[in-house]
Amino acid sequence: MEEFVIEGGHPLRGEVTPSGNKNAALPLLAACLLTSEPVILRNVPQIRDVQVMRKLIESLGSQVEDLDTNTWQITTKELVASHLDPDLCRRIRASILIAGPVVARAGTLRLPPPGGDVIGRRRLDTHILALRALGTKVTYDRVFEFEADHLHGADILLDEASVTATENAIMAAVLAKGQTLIRNAASEPHVQEVCQFLNILGAKIEGIGSNTLHITGVSQLKGGEFTIGPDLLEVVSYVGAAVVTRGEIRIRNAGVQHLEMVGQVFHRLGVHWKVEGNDLFVPSEQNLVIASDLDGAVPEIKTNVWPAFPTDLMSIAITVATQASGSVLFHDWMFSGRMYFTDKLVGMGARIILCDPYRVLIQGPTRLYGEKLESPDIRAGMALLLAALAAKGTSKIRNISQIERGYEKVDEKLRMLGAKITREQE
């Protein structure tokens with residue numbers, strides 16, 4: 001196995017361009033199963049999770065051709081609802097996204113349980129309830145069985161604004177007969193991209209960007225081309241890397257129109273950036289003083305559904321807070337295992353109190369020191385990498401395959417910014 005070896009304390013400087021959005025690429029690849037005509041996807045991130053999804057759709061009959069490094073042509077003339085490899089399904093939670101398009105086009109699917117990050121219970125009930133409302137019979141006995149003679153439109157009120165359940169419902173509904181109304185729909189930028197892509201292929205989706213989607217079913221979809229937008233989680237990760245190393249970077253094509261709420265939260269940590277066109281400029285002069293609430297109380301940063309602060313950025317924000325002056329409470333009510341990585345930050349010198357599985361209290365700033373670490377999941381792994389960049393001395397991070405599930409060429413990009421990071425065999 002490989003590990004990252006990081007010599008901390010070197011300010012990052014230069015320019016970086018984020019890769020395509022992982023959370024858009026995965027459902028977009030699944031959506032390609034809905035049409036028999038060729039589809040071209042551009043700006044596809046070359047990361048482990050996307051490669052797994054490629055193998056999954058290829059096992060269902062898709063032919064994927066590399067037009068260049070980050071451009072794929074996907075053609076699924078014949079959809080074969082065969083038995084999927086359980087090992088592949090266990091590698092990514094996004095394997096559940098295959099259900100909607102395959103049932104819509106082929107009528108049947110046998111799906112092993114999906115996997116993904118171990119950050120607490122991640123329920124699939126919302127997916128099942130939505131697909132059942134559209135006419136799918138779903139059973140589970142260690143394997144999911146989906147079956148539908150035909151899908152019909154429905155009025156669906158999602159019991160939670162789940163991103164992937166919304167995407168599954170959308171992909172099934174575009175080929176369902178009649179009208180579908182999806183209420184309490186997730187509206188994240190990558191959900192919007194899925195809707196925009198499907199409309200290019202001939203779907204009829206209205207209300208994109210809102211929590212209520214109106215879908216008129218069509219008999220079939222055509223081919224088309226689509227460019228995946230920048231990964232906002234990667235953008236903010238590099239913001240954090242610049243801040244904790246006291247560096248100065250420019251992030252090209254940063255998707256700045258979607259970063260307003262994240263900017264508000266980071267401003268409370270004493271972080272600011274400048275928007276210049278579609279670039280984000282992070283200056284070296286940062287206040288890094290945590291802003292108290294109006295009554296002087298310790299502020300609380302809490303995750304919520306879009307457009308609120310996203311759960312996937314909680315780990316990055318926590319690492320940044322360890323280098324800011326003051327106290328702040330972080331609260332992620334969505335996942336019971338999100339905060340457990342903070343014990344590794346404590347081992348590096350951070351002052352953190354784990355209040356319960358959902359909340360941590362940070363007191364900063366603290367000097368961090370190099371340590372031997374292990375990446376528990378994608379986002380925590382990147383947060384630990386940021387901590388290692390800021391630390392005094394050398395850190396080693398094992399299990400880097402977790403980080404590379406979501407970040408393309410992360411070590412190469414950091415080296416281009418001046419980081420002292422190498423890849424070595426354990």
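Biologist: In which loop does Arg142 lie, and is Arg142 buried or exposed?

Modeller: This is a predicted model, in which local features need pLDDT of at least 70 and side-chain atom pairs count only at pLDDT 80 or more, whereas totals for chains, interfaces and linings use all residues. Residues are numbered from 1 along each chain as its sequence is written, and side-chain values use heavy atoms, with hydrogens and water left out. Arg142 lies in the loop between strand 7 (137-140) and strand 8 (144-147), where helices (H or I, at least four residues) and strands (E, at least two) are DSSP runs numbered from the N terminus. Because buried means under 20% relative accessible area, exposed over 50% and partly exposed in between (1.4 Å probe, protein chains only), Arg142 at 64% is exposed.

Biologist: What is the phi of Lys409?

Modeller: Lys409 is found in the loop between helix 13 (401-404) and helix 14 (410-416), and its relative accessible area of 45% makes it partly exposed. Its phi is positive although the residue is not glycine, with a value near 50 degrees.

Biologist: Which backbone oxygen does the side chain of Ser210 reach at 2.8 Å?

Modeller: Ser210 is found in the loop between strand 11 (204-206) and strand 12 (212-216). A polar contact is a pair of N or O atoms within 3.5 Å; within protein, one must be able to donate a hydrogen and the other to accept it, and residues adjacent in sequence count only if both atoms are side-chain atoms. The side chain of Ser210 reaches the backbone oxygen of Gly207 at 2.6 Å, while at 2.8 Å the oxygen reached is that of Thr212.

Biologist: What is the bridge partner of Lys204 in strand 12?

Modeller: Two strands pair if DSSP finds at least two bridges between them, and strand 11 and strand 12 pair in the antiparallel sense over three bridges. They belong to an open sheet of four strands with mixed pairing, in the order 9-10-12-11. Within strand 12, the partner of Lys204 is Thr216.

Biologist: Where is the cis peptide bond with omega near 0 degrees?

Modeller: A cis peptide bond joins Trp306 and Pro307, with omega about 15 degrees, and Pro307 lies in the loop between strand 17 (300-302) and helix 10 (314-321). Pro365 is found in the loop between strand 20 (359-364) and strand 21 (372-374). The cis bond with omega near 0 degrees runs from Gly364 to Pro365.
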